[in-house]
Amino acid sequence: MAGHLVLCSCAGSQTLDADGLSTATGRTCSRVHDALCLAAPDVVARAFADVDTIMACGQEAEALTALAQEVGAPAPRFTDIRDRAGWGGGDPMPKQAALLAEAALTPPEPRVLDVVSEGLCLIVGPADLALAAATRLQDTLTVTVLLPEGADAPQDRRFDAVSGRIRRASGALGGFEITLDALRQIDPSGAEITFGAPRDGAKSHCDVILDLTGGTPLFPAHHKRDGYLRPDPKNPLAVADAVLEASQMVGTFEKVLHVRTEPSLCAHSRAGITGCTNCLDLCPTGAILPDGDHVTIDPMACAGCGACSSVCPSGAVSYDAPPVEDIFRRIEVLARTFRKHGVTPTLLVHDDYGREMIALSARHGGGLPDHAVPLHLPAIAVLGHAEMMAALGAGFARVDILPSPQTERAPINGQIMLANALAGRNAVRLAEVADPDALEHATGEAFSPVDYDTILPLGTRRQVTRVAAATMHDDTPVLPLPKGAPYGAVIVDTDACTLCLSCVSLCPSGALMDNPDRPELRFQEDACLQCGLCASLCPETAITLQPQLNLSPDALSPRILNQEEPAECVECGKPFGVASTIERIAGMLADKHPMFGAEKARMIRMCDTCRVNAMAHSTNNPFQSKPRPKTRTSDDYLN
């Protein structure tokens, strides 16, 4: 790690060990400033002279960036070590070093999609509110007002007006599609402007929807739908804010593509039978829909909550802003840098809401404990059991999760339960706190130091989970897991199984395999997703699932679940099926079915080639046609 480090004591309000931080981060630190944000431009220019510079201040990032641009100095990267580490009690050095090491990592650029809004705005609501909003927006947007059924037509022609009701709405900013029933359009002819005749099933498009009805929202999780504004119509200030926000929704915007999909890994469905539905069940915005054997995600409807990534058992859906591997890397760097000082840390995962609470705690309270290292994520639900196990395996003694009021609790609670089952203790907790004092108390509770070898979290989420669980359980080969866990075994009732191998052909992960040389059903446990497809399609209902994590090396190689002797053809001796199945069929048909009486019963025990030959040469072949006529030659005519 190389580069320059700029430290500021913020008017002496925090203690900084420049030499210690320089040694811990590998970055040179020329001096500790007292109030760099108030310094002369030439001082800022000298401080930011190096290209790869980290400024240990988050509050004045905007002002310092402007000063750097003013003097022509390269703008540094900023990180906050004051609110997060500098104002707590005890020794802040380990946490400050860890946060600076994390800031030195280069964050990946997110993938974005350009969204164009031409300003077509649909205002829905009662006449008094909707027409007033339209009057304010008519100069900046192309406005259409949808009034309730039975409303009088407005006499103002500065904007369009219709009446009716919305049957269906889909899309997002720049691409809403509306289906209307009882639609009545303006008829301007005559002495008075009126509405025309109604019609159903009309379709229209718009870029922005301003919903002032106060009724049922048009979309699930409506507050996460870009371009859909739904203020409380009884709150004039909220309506005014929504009108102002709508007026700014014109132009080209960048929509972050939050998730990445790999359809070939998806275990949603096979042969019309539904398997995994984890992401479909949890998506709050309805952005995920079935699409054949896999699922598809509408990037415009996706709000980036990350729940789909945390519950996907195969990695077919993965979070991409930031990618999962970037989260693993940040967790490892934080833990490794902190533990170099000989102490054990805990991890506090938070979003923007948590960042504000941490700042309030630092400024008006005792601040976070020395051992609590904060990790900011764009959405809390991104943190699945794999990320939790990566943190525990990397050396964090506990993981505290601070949700915001808007965070969906269901996916997080399920992942916490699974992570604690994998860890064998209550090492992950949801900090349901509402004020900074409660946050300080929750994160300050006692914990036991880590007594196992730490890991380097590299690989897929399943691989990291397995390695972390193995390092925490040296003497436990199999960990029982709650129902619905994405790890487990397949139990086969050998008495019921006929080795039809239909489960093998439809297993999405390849955990179930056959043997091309013998009638065998083989299983590799570490590849099993517990999607349930094999149990659902088994014609003999001989398969059940057992959620568990097998940490022994046996789980990494195939093992035989069921096997039988092959049936050999009575003509050529070639193996062609399962002996017990052939004998069972022969017992059911021989001398009991008109087509399998006497000599023909022997055909049941023949391979497909010999069976065709036997049928073709039999005297009473039911498929035999009339004898072929003899070919006439010149000898026939001469004789």
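The buried residues of helix α3 pack against α2 (41–47), β3 (53–55) and β4 (77–78). This is a predicted model.

**Helix α3**

Which residues of α3 are buried? Helix α3 spans residues 61–71, and its buried residues are A61, L64, L67 and A68. Seen down the axis of α3, these residues fall within an arc of 125°, so they line one face of the helix. Here is the general rule. An α-helix has 3.6 residues a turn, so residues three or four places apart point the same way. The face of α3 turned away from the buried side carries exposed residues: E62, Q69 and E70. After α3 comes G72, with a positive phi near 80°.

**Aromatic rings**

A pair of aromatic rings is described by the distance of the centres and the angle of the planes. A search of the whole structure finds two such pairs.

| Pair | Centre distance | Plane angle | Type |
|---|---|---|---|
| F176 and F219 | 5.7 Å | 45° | tilted |
| F219 and Y228 | 5.1 Å | 75° | edge-to-face |

The pair F176 and F219 links distant parts of the chain, 43 residues apart. F176 is in strand β9 (residues 176–187). F219 is in the loop between β12 (208–211) and β13 (228–229).

F176, F219 and Y228 form one aromatic cluster. Are F176 and F219 buried or exposed? Both are buried. Buried means under 20% relative accessible area, and F219 counts as buried at 5% relative accessibility. Y228 is buried too, with a relative accessible area of 4%.

**A charge over a ring**

R632 lies over the face of Y637, at 4.8 Å from the ring centre.

How values were computed:
Residues are numbered from 1 along each chain as its sequence is written. This is a predicted model: local features need pLDDT of at least 70, side-chain atom pairs count only at pLDDT 80 or more; totals for chains, interfaces and linings use all residues. Side-chain values use heavy atoms; hydrogens and water are left out. Rings of Phe, Tyr and Trp (its six-membered ring) pair if their centres lie within 6.5 Å; planes under 30 degrees apart count as stacked, over 60 as edge-to-face and the rest as tilted. Helices (H or I, at least four residues) and strands (E, at least two) are DSSP runs, numbered from the N terminus. Buried means under 20% relative accessible area, exposed over 50%, partly exposed in between (1.4 Å probe, protein chains only). A charge sits over a ring if NZ of Lys or CZ of Arg is within 6 Å of the ring centre and within 35 degrees of the ring normal. The arc is that of the directions from the helix axis to the C-beta atoms. Contact means heavy atoms within 4.5 Å.
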